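Dear colleague,

Please find below the structure that I am handing over to you. I would ask you to look through it once before reading the notes that follow.

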Amino acid sequence: MTATQTTELPPSYRFSVAPMLDWTDRHYRYFMRGLTKHALLYTEMITTGALLYGDAARYLAYNQAEHPVALQLGGSVPSELAACAKMAVQWRYDEVNLNVGCPSDRVQNNLIGACLMAHPKLVADCFKAMQDAVDIPITIKHRIGIDGRESYGELVDFVGQSVEAGCQRFIVHARIAILKGLSPKQNRDIPPLRYEVAAQLKKDFPDTVFILNGGINTMQEANDHLQIFDGVMVGRAAYHNCYEWAQVDQQLFASDESVIARSDAFLRMLPYIEQHVAQGGVVQHISRHLLGIAQGFPGSRRIRQLLSADIHKEDPAKIFAQVLAYLQSTELNG
């Protein structure tokens, strides 16, 4: 294998929020941007077919405030991925990422996601086609193996072929994916985390950027992993307990701005919700993403109830006023 030339790590790769189906849509990303200006945010995985043969604007539209924002693609046909990468440039995305980690049956049937780990040359070809088509970064998100291909040697072969094709940045979910017998949900928990395998990749490919994903739940854990890895990617913890990451800019990006208060992060969303409704949208499209602001303090359970259940029964404006009052009271009382 040949090592790639060392490049300076773009600051946004230091901390990112993982692509998560049905969660990291444009509304969640806008909300999360209020908590951190520097974190790299990812779209949900979008298949090449959806973009090439469906309503591309529906999938690609986003608010300019979301930058830096990356588009994650699912696909395995190099020419189609290259065409979609060009669309990403047209829509001014900051990065294109290839999904080689999703374990669902539906994507396996279309040779998308984690099953591609059994086809390292195809993945390298897909990467090369996208890289040759655009001038924004192309990255790969993958597992440390799949059932039947769990050895470290096979993982090195997979990564090495893409490195030789020019890939300089990998996001490593430090679990294998079990494609036969486990659901996608089970694949997020049952296969054990093996950070040492991902760390060995960093040693064996010292000039390549590796971002760690999987099981990172706190800011302290993120800091610990950054002693070894070039960046961390947080998934479910960034959704269910989003305020834990309001200090990312201060801790990881040397920001001298104050950490935003929960109430201010919530207030920022109200004009956005109002505009969404004025354009024909539904309040709950956005309010469902705000539950993570209420974790771990007195009154948080009531806030979550207001935003998840009561908002369907009462005037949303009244619900939002109650939520804001709870948040401001908590801040006043320490």
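**Pockets, cavity and cores**

Helix α11 contributes the most to the lining of the largest pocket, giving three residues. Please bear in mind that the model is predicted.

The largest pocket has a volume of about 840 Å³. It is lined by 33 residues, and those closest to its centre are P19, M20, L21, K141 and R188. Two or more lining residues come from each of the strands β5 (95–100), β6 (138–146), β7 (169–177) and β9 (231–234), and likewise from the helices α5 (105–108) and α11 (236–240). Sorted by class, this lining holds 15 nonpolar, 12 polar and six charged residues.

The second largest pocket contains about 440 Å³ of space. Among its 18 lining residues, D25, R26, E44, R58 and Y59 lie nearest the centre. The elements that supply two or more residues here are α1 (26–33), β3 (46–47) and α3 (56–60), and the largest share, three residues, belongs to α1. The lining of the second largest pocket is made up of six nonpolar, six polar and six charged residues.

Rolling a probe the size of a water molecule over the atoms shows where empty space is left. How many cavities of 30 Å³ or more does a search of the whole structure find? The search finds one, and the volume of this largest cavity is about 50 Å³. Its lining consists of M117, I144, G145, I146, R149, S151, E154, L155 and F158. Strand β6 and helix α7 (152–164) are the elements that each give two or more residues to that lining. By class, the cavity lining has five nonpolar, two polar and two charged residues.

Finally, there are the nonpolar cores. Which residues of the largest nonpolar core touch the most other members? They are F15, L51, V159 and W245, in a core of 100 residues. For W245, setting aside neighbours within four places in sequence, the contacts include F15, M32 and L35. W245 is also in contact with T36, I216, N217, T218, M219 and A222, as well as with V234, A237 and A238. Of these partners, A237 and A238 fall within the span of α11 (236–240), the helix that gives the most to the lining of the largest pocket. A second, separate core has nine residues, including A18, L40, I171 and V209.

Yours sincerely,
A colleague

Key. Residues numbered from 1 in each chain as written. Predicted model: local features only at pLDDT ≥ 70, side-chain atom pairs only at ≥ 80, totals over all residues. Heavy atoms only, no water. 1 Å grid on protein atoms, 1.4 Å probe; cavity = no way out; pocket = protein on both sides within 12 Å on 5 of 7 lines; lining within 4 Å. Points joined across faces, edges and corners; volume = space filled by probe spheres on them. Helix = DSSP H or I, 4+ residues; strand = E, 2+ residues; numbered from the N terminus. Nonpolar A, V, L, I, M, F, W, Y, C, P; charged D, E, K, R; others polar. Core = buried A, V, L, I, M, F, W, Y, C linked by side-chain atoms within 4.5 Å. Buried < 20%, exposed > 50% of the residue type's maximum accessible area, 1.4 Å probe, protein only. Contact = heavy atoms within 4.5 Å.
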